[in-house]
Amino acid sequence: MTLFEHIEEMRMRLLYSLIAFVLLFFVWFVFAEQLLTFLRVPLAQALPEQSKTLHFTAPLEVFLANLKVSFLCALVLSCPIWLYHFWRFTAPALMTKERKYLLPFIIVSVALFWLGIAFCYYAILPLALEFLITVGMKVGTPIIKVSDYVSLLIVLLFCFGLVFETPLILVLLSLLGVVTADDLRQQRRIVLLGIVILAALLTPPDPISQIGLAVPIYAMYELSIVVIALINRFSKHEHGA
């Protein structure tokens with residue numbers, strides 16, 4: 001394929017992904033209030049009895065929050081489509097024998113993305129909110145705005161969803177010949193430092209969410225090393241056979 005053919009393919013795949021996203025966005029916007037009620041559960045559990053309601057300070061705040069919630073759900077639920085087109089677009093860069101991993105890549109990438117979001121919502125978010133609100137109540141009374149809470153949700157959920165894609169990205173780079181398992185082993189200390197800094201930048205300033213993000217990232221990094229080594233060993237065995 002020529003450069004312009006690659007650009008045209010990318011444009012079409014982006015268009016298909018965008019259409020799926022827009023359709024899901026309008027569907028979920030109808031149920032935005034129910035979605036917001038569901039998403040506020042971790043916050044309600046962390047708040048004291050007298051402060052369990054969300055607040056808004058501008059006429060458009062709840063409407064914009066509903067838009068953000070619909071955006072979040074549409075992007076999460078359309079991920080099988082845009083991840084499929086992402087991996088299909090990268091397929092020409094792989095050799096023929098490596099393209100047999102494409103379907104497993106698509107399935108696992110969707111599962112990992114959803115797993116990261118579920119892990120954040122059910123495990124990390126409740127602990128982080130409880131810690132932050134407990135600390136804050138030592139000096140004041142919590143009055144949580146709808147827009148602030150939804151913005152925090154979007155950042156955390158997407159960070160965890162993308163972080164759980166780490167093994168697949170590194171495996172892809174290995175298949176492309178960019179990195180090897182030995183390279184990743186030698187860079188452990190530097191990577192660990194970078195992960196700690198990244199977790200501090202992407203999460204609220206509390207140790208629970210920072211550790212909660214840093215530990216899975218590093219675990220995914222180590223898992224990537226194991227998977228890359230196994231793929232290389234299998235490829236050598238197959239080539240030798």
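Predicted model: local features only at pLDDT ≥ 70, side-chain atom pairs only at ≥ 80, totals over all residues.

**Notes on helix packing and selected residues**

1. Helices α4 and α5 are oblique to each other. Their axes come within 5 Å and cross at roughly 50 degrees, with α5 covering residues 79-90. On the α4 side the residues that meet α5 are L75, V76 and L77; on the α5 side they are C79, P80 and W82. By class, this contact of α4 with α5 comprises six nonpolar residues, no polar and no charged.

2. The protein has eleven helices and zero strands, so that the pattern read along the sequence is α-α-α-α-α-α-α-α-α-α-α. Its C-alpha trace spans about 70 × 40 × 25 Å along the principal axes. The protein has 241 residues, of which 41% count as buried. Where contacts between residues at least 6 apart in sequence are considered, 84% join residues at least 24 apart.

3. The crossing in which α4 passes α7 is left-handed. From α4 the contact draws on E61, A65, K68, V69, L72 and L75; from α7 it draws on V146, S147, V150, S151, I154, L157 and F158. In this contact of α4 with α7, nine residues are nonpolar, two are polar and two are charged.

4. Helix α7 also packs with helix α6 (residues 102-136), at an angle of about 135 degrees and with the axes 7 Å apart. This angle makes α6 oblique to α7. The crossing of α6 and α7 is right-handed. The residues of α6 in the contact are L112, F113, G116, I117, F119, C120, Y121, I124, L125 and L129, and those of α7 are Y149, L152, L153, L156, L157, F158, F160, G161 and L162. The contact of α6 with α7 holds 17 nonpolar residues, two polar and no charged.

5. C120 takes part in none, and the nearest cysteine sulfur to its own is that of C159, 8.4 Å away. A disulfide would require the two sulfur atoms to lie within 2.5 Å. C159 is likewise in no disulfide, the nearest cysteine sulfur being that of C120. C120 counts as buried, at 0% relative accessibility, and C159 also counts as buried, at 13%.

6. P48 is located in the loop between α3 (41-46) and α4. Is P48 buried or exposed? Its relative accessible area is 15%, and P48 is therefore buried, the cut-off being under 20%. Apart from neighbours within four places in sequence, P48 is in contact with I133, M137 and P142. P48 and V146 are 98 residues apart along the chain, and their C-alpha atoms are separated by 17 Å.

7. A further proline, P167, is found in helix α8 (residues 166-175). P167 is buried, with a relative accessible area of 6%. Residues up to four places away in sequence not being counted, P167 touches M220, L223 and S224. Its C-alpha atom and that of L67, 100 residues apart along the chain, are separated by 32 Å.

8. The helix that holds P167 may be considered as a whole. Helix α8 is mostly covered, with eight of its ten residues buried. The buried residues of α8 are T166, P167, L168, L170, V171, L172, S174 and L175. Just after α8, G177 takes a positive phi of about 80 degrees.

Methods: Residues numbered from 1 in each chain as written. Heavy atoms only, no water. Left-handed = near helix turned anticlockwise from the far one by under 90°. Helix = DSSP H or I, 4+ residues; strand = E, 2+ residues; numbered from the N terminus. Contact = heavy atoms within 4.5 Å. Nonpolar A, V, L, I, M, F, W, Y, C, P; charged D, E, K, R; others polar. Buried < 20%, exposed > 50% of the residue type's maximum accessible area, 1.4 Å probe, protein only. Axes fitted to C-alpha atoms, helices over the stretch in contact; angles between N-to-C directions. Parallel < 35°, antiparallel > 145°, perpendicular 65-115°, else oblique.
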